[in-house]
Amino acid sequence: MLGDKEVDYDRNFRLYLNTKLSNPKFSPNIYGKSMVINYTVTLKVCYLNTINLALLHKEQCRRIKIKME
């Protein structure tokens, strides 16, 4: 139902909305009827991801070295 009219519904329909607001305010009603995903990327997150990748690479190199000995 859309207002007082019945409309056809397609299960493959998707609606994606985005905003440039860093902290948008949505009502509980919106959160209840949708999936809100926060894709905020901050300098701290980038820094931590870089450190994590470096540590993973270091660990992989260590494992390869141990296997070769």
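Predicted model: local features only at pLDDT ≥ 70, side-chain atom pairs only at ≥ 80, totals over all residues.
Figure 1. Of the 69 residues in the chain, 0% are buried.

**Figure 2. Helices and overall extent of the chain.** The chain contains 2 helices and 0 strands. Its radius of gyration is 23 Å, whereas the globule rule gives 11 Å for 69 residues; the chain is therefore more spread out than a compact globule. Taken along the principal axes, the box filled by the C-alpha atoms is roughly 75 × 30 × 20 Å.

**Figure 3. The largest pocket and its lining.** The space within the largest pocket comes to about 1,000 Å³. A total of 24 residues line this pocket. Those that lie nearest its centre are Leu17, Ser34, Met35, Val36 and Ile37. By residue class, the lining of the largest pocket comprises 14 nonpolar, 7 polar and 3 charged residues.

**Figure 4. The cysteines Cys46 and Cys61.** Cys46 has a relative accessible area of 37%; because this value falls between the limits of 20% and 50%, the residue is classed as partly exposed. Cys61 is likewise partly exposed, with a relative accessibility of 39%. A disulfide is a covalent bond between the sulfur atoms of two cysteines. The structure holds 0 disulfides.

Note on methods
Residues numbered from 1 in each chain as written. Heavy atoms only, no water. 1 Å grid on protein atoms, 1.4 Å probe; cavity = no way out; pocket = protein on both sides within 12 Å on 5 of 7 lines; lining within 4 Å. Points joined across faces, edges and corners; volume = space filled by probe spheres on them. Nonpolar A, V, L, I, M, F, W, Y, C, P; charged D, E, K, R; others polar. Helix = DSSP H or I, 4+ residues; strand = E, 2+ residues; numbered from the N terminus. Rg over C-alpha atoms; globule rule 2.2 N^0.38 Å. Buried < 20%, exposed > 50% of the residue type's maximum accessible area, 1.4 Å probe, protein only. Disulfide = S-S within 2.5 Å.
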